[in-house]
Amino acid sequence: MPTQPFPRNRFTNFNDFMYHLWSFSDHGNLLAPHRFADALQMDLVSLAGYTGIPLEMLIHYPASLSVQTYMRSALRVIAVLIENDMEVDCAIFHYLNFPWVQFGFRTAEQIVIDGDVEKFVKYLLTEVFYPPGKSPEKEYITESN
């Protein structure tokens with residue numbers, strides 16, 4: 001959960017948001033947990049608590065599969081929200097706080113943590129943003145791509 005109200009327009013677009021998250025280090029180009037936590041307005045201790053990933057792993061092993069998989073899954077959901085006419089900060093707020101009735105009143109963050117990303121993204125694209133009769137203009141990244 002955010003520790004303070006979300007500032008408006010911290011990120012001008014999705015590319016600006018993604019650039020903020022990347023870490024260019026000896027490990028290669030990867031998503032940085034401390035930057036991811038900052039973008040979600042929380043500290044690493046909170047991120048570790050919500051995700052179930054040990055804090056030591058977030059700090060010392062940012063390139064680990066579990067850390068990168070969680071952050072990439074979260075970004076898939078946030079990207080779908082942003083690409084469907086939602087501002088970046090608004091999408092992050094919805095990701096953290098909006099309860100989805102069809103998923104047992106869980107937030108998107110809880111859905112990602114529980115591993116239901118594919119089902120949730122499919123639901124967003126087929127039922128929320130592109131109901132029957134309305135087709136998407138963009139092709140979204142899936143696990144199979």
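Colleague: About how many helical turns separate Phe14 and Phe17 in helix H1 (residues 14-21)?

Modeller: Quick caveat: this is a predicted model, so local features need pLDDT of at least 70 and side-chain atom pairs pLDDT 80 or more, while totals for chains, interfaces and linings use all residues. Residues are numbered from 1 along each chain as its sequence is written, and side-chain values use heavy atoms, without hydrogens or water. Helices here are DSSP runs (H or I, at least four residues), numbered from the N terminus. Phe14 and Phe17 sit 3 residues apart in H1, so the spacing comes to about one helical turn.

Colleague: What is the angle between the planes of Phe14 and Phe17?

Modeller: The structure has 8 aromatic pairs. Phe14 and Phe17 make a tilted one, 6.2 Å from centre to centre. To pair, ring centres lie within 6.5 Å (six-membered ring for Trp); planes under 30 degrees apart are stacked, over 60 edge-to-face, and the rest tilted. The angle for Phe14 and Phe17 is 50°.

Colleague: And which of those is buried or partly exposed: what about Phe17?

Modeller: Buried means under 20% relative accessible area, exposed over 50% and partly exposed in between (1.4 Å probe, protein chains only). Phe14 comes out partly exposed at 21%. With a relative accessible area of 0%, Phe17 is buried.

Colleague: What kind of pair do Trp100 and Tyr123 make?

Modeller: The ring centres of Trp100 and Tyr123 are 6.2 Å apart and their planes meet at 85°, so the pair is edge-to-face. Trp100 is in the loop between helix H6 (88-97) and helix H7 (108-113), and Tyr123 is in helix H8 (residues 117-128), so this pair, 23 residues apart, links distant parts of the chain. Both Trp100 and Tyr123 are buried. To name the kind again, it's edge-to-face.

Colleague: Which residues is Glu109 in contact with, leaving aside its neighbours within four places in sequence?

Modeller: Glu109 belongs to helix H7. It's buried yet has no salt bridge. Counting contact as heavy atoms within 4.5 Å, Glu109 touches Met42, Tyr50, Tyr70, Tyr95 and Leu96.

Colleague: How many salt bridges does the structure hold?

Modeller: A salt bridge puts a side-chain nitrogen of Lys or Arg within 4 Å of a carboxyl oxygen of Asp or Glu. Glu118 and Arg76 make one, at 3.0 Å from N to O. The structure's count is 3.

Colleague: How many residues apart in sequence are the parts that Glu118 and Arg76 tie together?

Modeller: Arg76 counts as buried at 12% relative accessibility, whereas Glu118 is partly exposed at 38%. The Glu118 and Arg76 side chains meet in a salt bridge. Glu118 lies in helix H8 and Arg76 in helix H5, so the gap in sequence is 42 residues.

Colleague: Which residues do salt bridges that share partners join into one network?

Modeller: Arg106 bridges to Asp114, with the closest N and O atoms 2.6 Å apart, and Asp114 is partly exposed at 46%. Asp116 also bridges to Arg106, at 3.1 Å between the closest N and O atoms. Asp116 is in the loop between H7 and H8 and Arg106 in the loop between H6 and H7, so that pair ties together parts 10 residues apart. The network is Arg106, Asp114 and Asp116.

Conventions. Helices (H or I, at least four residues) and strands (E, at least two) are DSSP runs, numbered from the N terminus. Lys and Arg count as positive and Asp and Glu as negative; His and the chain ends are not counted.
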